[in-house]
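Let's work through a few exercises together, one step at a time. Have a look at the structure first, then try each task before you read its solution.

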Amino acid sequence: MENCRILNRIVQINIANVKYTDIELSGNTCFVGTNNFGKTSLQRAILFFYSANSRGLGISASQKPFEEHYFRYENSYLIYEIDTEDRPFFVIVYRHNKLVFRFVDAAYDPDFFFTSNNDAVKIKEVISNLEKRGIFISNQIDTFERYRNIIYGTETDKVLSKFHLLKGNEKYQNIPKSITNVFLSSKSSIDSRFIKDFIANSLTTENSSIKLEQVERQLRQFNEKYTDIETFLKKDSTQLIEMIDKKYDQVHMLKGQQMEMADKLGSSLRFAETQNEAIRESSKKKEEELEKLTEEHDAFLEHIENKQNEAHEEIGYYDRTIRDANKKLKAYKDQNIDAALEKNTERESLMVELNIARREYESLTSNVANIELKYSSLIEQLRNDKTAYINRTNSKTNEVFNHFNELQLMQKNEYSKREAELKHKRDESIQDVNAEITAKQIEFNELKSEEKVIKSTRYFDNEIRDLENELAELRAVSYKNKSERAIKQNMVQSIQREWENLETKLKTSLGNRVNQINNEIQKIKDDIKEIESKLNVQHDAFYGFLEKNVKNWHNTIGKVVNESLLFRTDINPELSESTANSLYGISLNLEPVEVVSKSIEEYQFEKNTRLAQIRDLEESLNQFQAANNEEKMLAADKYGKQLGELKEDLKVLSYSLDLADKREKKLSDELEDWKNRAGKEVEETLTSNRQRLNIIEEELSILNKKKNILLNDFNAQLDKLKAYNDERLAELKERQESDIAELEVEKKNSVKEFENKEDELIKEKDKNFKSKGVDSKQLKVVENRLKELQDALKEIEQYAQIVSDYLKDKRESFDKLPDLMQKKEEFVKNKNEYAAQLDEANRKFNLKRLELNSQKRAFDEELIEFNNGINFFSNNFRDTPLYTKYADIIERAEPRRTQHNIMDLCTQLLKNDSHFNEEYGAFQRFVNEFAGKFRIDNHFNFIIRNDASQGEYERFAQNLRSFLNENKIELSIAETATQIGLVTDSIATKVKELSGQKEKIEHIIALIAEDFKKAEFEESKLIEFIKIRLEESDNKVYKLLKRIQEFREENGLVYNEGLFNTDFATGQKREISGRAVKLLEQLRSAIKEQEQEEIRLQDLFELKFNIKEGMNETGWTHKIDSIGSTGTDILVKAIIYITLLHVFIKESSHRSSKDFKVHCIIDEVGQISAHYLRELLRFAKNRNIMMINGLPNKSGLESHYKYTYQFRREENNNVRIFPSIVTEVEA
Amino acid sequence: MLAEDFNLPKQTHDIFAVMARGNFISSNGSKDGMNRLYDIINNPENFERLQAYFNVIRYNIERGNNYFYFSKLHEPNSELEKKLERFERYIDIIDLFASMDNKITIGSRFRPSEIAEECNANVRLKQKLQKIPLYRSETLHNKVREICDLMSRDSYLELEDEKTESYKVLDAYTYLLDVINSIAIYEESDNSDANTINYN
């Protein structure tokens, strides 16, 4: 029994082709058997004890996995018995779905596993068997990791901690790795790369390489983002963005206008369709109203005219009557009717006086009646003659008088006739002219009324009112929008300030944090440097001396010594027995004193702790940066979205205001236009009215002139006629008077004669009377008186007829004159009233007629416009693609009156569409050109398909705008800056992690070199020396990685705000960023070029050997193809392996754990000579390593091993392994 | 004279290799770092140096709208004629492209199948495609492919994604349009026997 821990035995129960085998391994062991008999399988099973890694046993992918090949049955067991200082324990490996382990605190006994019939029992029964026997069996160990922890003594569970093979330190994993590597390396030539791999693999895990694919992916991702941002920031792109934005607005506006117009068109069309019949009806109604109005007016006119005519006639009648009465009265006056009337009143009294005179005369003449009678008869006779003569003359005079009177009358009649004719003609002409004048006057009055109507009419009132309303609404909305815009602009500014403040805060806090962490890291690095310096010098320092020469010095010297003293190399410590347990001869009780010295592991631990601290700090910084970025992104998201929305709103508001301004201007213009048109219309109508008025005025004046001329002409004719008549009458009168005067002279003469005769008679009579005594004087007086009375009566009688006529006329006419005049006045008044009524009716009629006409005209015009519009739409618009484009809007529009006619709308739409297409084409070109500048899978998602719809192009522009508004480029830059930081950091960390192991390699190589030196080659003189040394790697990728790491070390964490030429970028930062980008780019190219999958530890250095065997020295070389014979090569290889194994075991196990042995499994050592083998076994033995080797057949070499097992395949294809009886020559 | 004497960018060789073949370097090209080459030439300092350098070997760098190309100093007329002949075939191609519903413009991305489909659906386009000379492909798709291939070779297009056969129109396409647009076709006159095409 060994007094140390060692894998003592391996038992296979139903493992692979082996039913049962129990193999002792406590010394050098040799397996002899031809190929494919299971030697390697058994060696793998042994290796599994050390490595507990079913995938690291060198089983190729084409072969069955370890679990399936080895553990085919429920009762397949691999049992490893480990011998210890006191009593052995064993490990059971079995399959319970996966491979699991149990530790049993007892030596292996087949009875635990087999029934009496030699049948292997199931694990439950095994456990039960053991428990029955009171043997401790651990719980099932499910993981390889935990199993290794237990075996290599790092298990913390006290129940299991005793089941260890050795006490490993934190690097114990190197032991199974080394054993595995030795087993797996089958090359016969010694290549430094292989040794490098060996060392590296032993020191690293599978994941501790730098996966270049991953790095390349990171670099690619970074590069792509970098390129995208760079493309975005280019001047061309910025210009294109501006153009896209501008064009999008234009296109959007045009589209909006088109849609608005399409809606108007639809509304107008619907309105036209629905209103057509109604308008037609309205027009017809207006026409009927007009007809009715005209009829009523005509009837009224007729009625008034009748009344006027009646009044006119009455006035004419009364006028005539009054005129005739006045004429007669004047004639009577001319005939001195007043005097006649006065005399007529005296007639009765004169008659009475005459009768008295007659009776007086008769009484005076009664005595001389005969004489009287004689003379009276003679006088009477004479008087009768005289009277007859006078009567004849008078008759003659009367004849003449009458003749001339007749002539005069004829003349007067002729005159009257001609005057009447002339007057009739005059009246006719004047009447014509008057009629004409009246018509013109009526027309004039109508025009005057019209003028008044026109002046009071507001043309285009609806349009103007609509426009005014619209303008008022528009101004109200604009005012509201302007206020809203101002508010939003303020909001934008305050949000921007808030955002900028937050950004600055975040930036400052990140900067502070970076500085703080870098300071802390620097501090820790200083600590590490200090620790490293201690560790580096510890071998040659006082510390190393104590380690080598003083047992438990930590508990003695370690408690009192100054730490700095421990690492001094200049104090030359020497052992002196006398003061071994005293301080310069003074004995001290150090029990209560605390140890101040630290073990190397503790220093190492401290160093690792600090490294971990750095990692933690960096991690925390990363997290902080990520959080910072996160906050930035949140802020960008929050503020950006708010800003974006606000800016969008502002844009919309500005756009609305622009539109409103344009609209206001347009509406104002339209209003002005309408007003002008209205004014113009009034003016035009008034002008035409005035022109007509002027014409009519002129015509009227002409007519009046004509009338005056006519009147003058006729008056002249009448005057001429009258003059002629007067002349003629005067002539006749003259002739009459001359003829009558002649007759009167004749008459006078004759009467004179008669009167003379009568006087003679009267004288004779008087003589006679006197003769007879009669008072002739008194008689004469009576006679005179009789004569006077008779003359007076005669004169009265002369006027009797006139007076009678006068009185008759007076009674019939003159007395009625006031009544007639009053009645005439009444009729005149009535006539005036009728005229006024007529004027008023005309005015009203004209007004109403104008209004109705205007309404009807408006309806007709609207109808025509509608029909024209509908026709135009059907003929020129419906079949165009533009209609298809806006069909939805047009067809779904609500019927509504708009200010635009359909034709204009269609034309404008078509015109606009052509403009829209032009603008849209430019917009599309800009978008294509812009998107084309980016990679197809750019991270901004700036991509547009060639057959993209208008909607997609618009969404592109919208997204681009959001991108700008939310300042996403800054986020992207920040992300990319973080990414470059992270990529650099990740590379630096990986390189550092990997390079960190380089020190271990250097250490291992130093140990190996040391171990080679210690090798006792001198005895056999076979190998004079084996030298090994490290050189710098010439791997291009690694060199670049290293440069990146150095860059990272030099500049700290690279948080690149200067990555792009933005506002943040400062000269220094830009320069650093530029270098970082360049390095990463170089690395990317190198990775592409080198086509290497990963950078492993072995790529970090070059390893060179120099071996001298006899006279042969290889010189410093990577690869030693042949040092000497094959055997020599195998020996050198085995020696190197054993050295490596030894070094790793020494390095990876606890210093206190020394009493253990491990196996070195090297297959196929058949070609090595016995001499060399012996040398090798001894070499191994000196390093507490047991060899397990395979030999193809027995050749005597097996005699050098403690145990030799032979392999035989039986008929049932099972393999039987049995010990070969040999004598151990040397163990 | 050595390249170093001119303090030339290290991509000079790449630039020469592209442009000496008669190809263009467009700003929106991505294959073989074309956009980088463009940026390098576009740098005013580099441009002057490169221009001076290439002038020595009788090449002149011509600047277009976002693209560069070489012109030869004192090129013989026969060469010019050949060049012009090369453009003749593009007249029909550009005519076809300009007649498409989805206009092919700078930066457009399309697949030959899309164009072929559109041509197939539109008789006018189909006829235009069929009358394009020099190609013997039986299907419309293959014909468009050949056109795209030709244009890619002449660096007017770039095969951006081989899997999806997606092409991108490069900035140099402007050159093609400019040349085609500057062709003035004169009607047959009494003095000439046939229509003549003049390149301005």
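**Exercise 1. Decide whether Glu443(A) is buried, partly exposed or exposed.**

Step 1: count the neighbours. Glu443(A) has 16 other C-beta atoms within 10 Å.

Step 2: apply the cut-offs. A residue is buried if 20 or more other C-beta atoms lie within 10 Å of its own, exposed if 12 or fewer, and partly exposed in between, with C-beta atoms placed from the backbone. Glu443(A) is therefore partly exposed.

Step 3: find its place. Glu443(A) sits in helix α12 (residues 369-456) of chain A. Helices (H or I, at least four residues) and strands (E, at least two) are DSSP runs, numbered from the N terminus. Glu443(A) and Leu693(A) are 250 residues apart in sequence, yet their C-alpha atoms are 8.4 Å apart in space.

A word on the model: it is predicted, so local features need pLDDT of at least 70 and side-chain atom pairs count only at pLDDT 80 or more, while totals for chains, interfaces and linings use all residues. Residues are numbered from 1 along each chain as its sequence is written, and chains are lettered from A and ligands numbered from 1 in the order in which they are written.

**Exercise 2. How are α9(A) and α20(A) oriented towards each other?**

Step 1: recall the description. Two packed helices are described by the angle between their axes and the distance between the axes.

Step 2: read the values. Helix α9 (residues 235-334) of chain A packs with helix α20 (residues 817-876) of chain A at an angle of about 165°, and their axes are 7 Å apart. Axes are lines fitted to C-alpha atoms, for helices over the stretch in contact, and angles run from 0 to 180 degrees between N-to-C directions.

Step 3: name the arrangement. Angles under 35 degrees count as roughly parallel, over 145 as roughly antiparallel, 65 to 115 as roughly perpendicular and the rest as oblique. So α9(A) is roughly antiparallel to α20(A).

Step 4: sort the residues. The contact of α9(A) with α20(A) has 28 nonpolar, 13 polar and 15 charged residues. Here Ala, Val, Leu, Ile, Met, Phe, Trp, Tyr, Cys and Pro count as nonpolar, Asp, Glu, Lys and Arg as charged, and the others, Gly among them, as polar.

**Exercise 3. Describe the side of chain B that touches chain A.**

Step 1: the contact takes 18 residues from chain B and 15 residues from chain A.

Step 2: β4 (109-110), β5 (157-161) and β6 (166-169) of chain B each give two or more residues to this side. β6(B) gives the most, with three residues.

Step 3: by class, this side of chain B has three nonpolar, nine polar and six charged residues.

Step 4: pick an example. Glu160(B) lies in strand β5 of chain B and, with 18 C-beta neighbours inside 10 Å, counts as partly exposed. Beyond its neighbours within four places in sequence, Glu160(B) is in contact with Ile936(A), Arg109(B), Ser166(B), Tyr167(B) and Lys168(B).

Note on methods:
Two residues are in contact if their C-beta atoms, placed from the backbone, lie within 7 Å.
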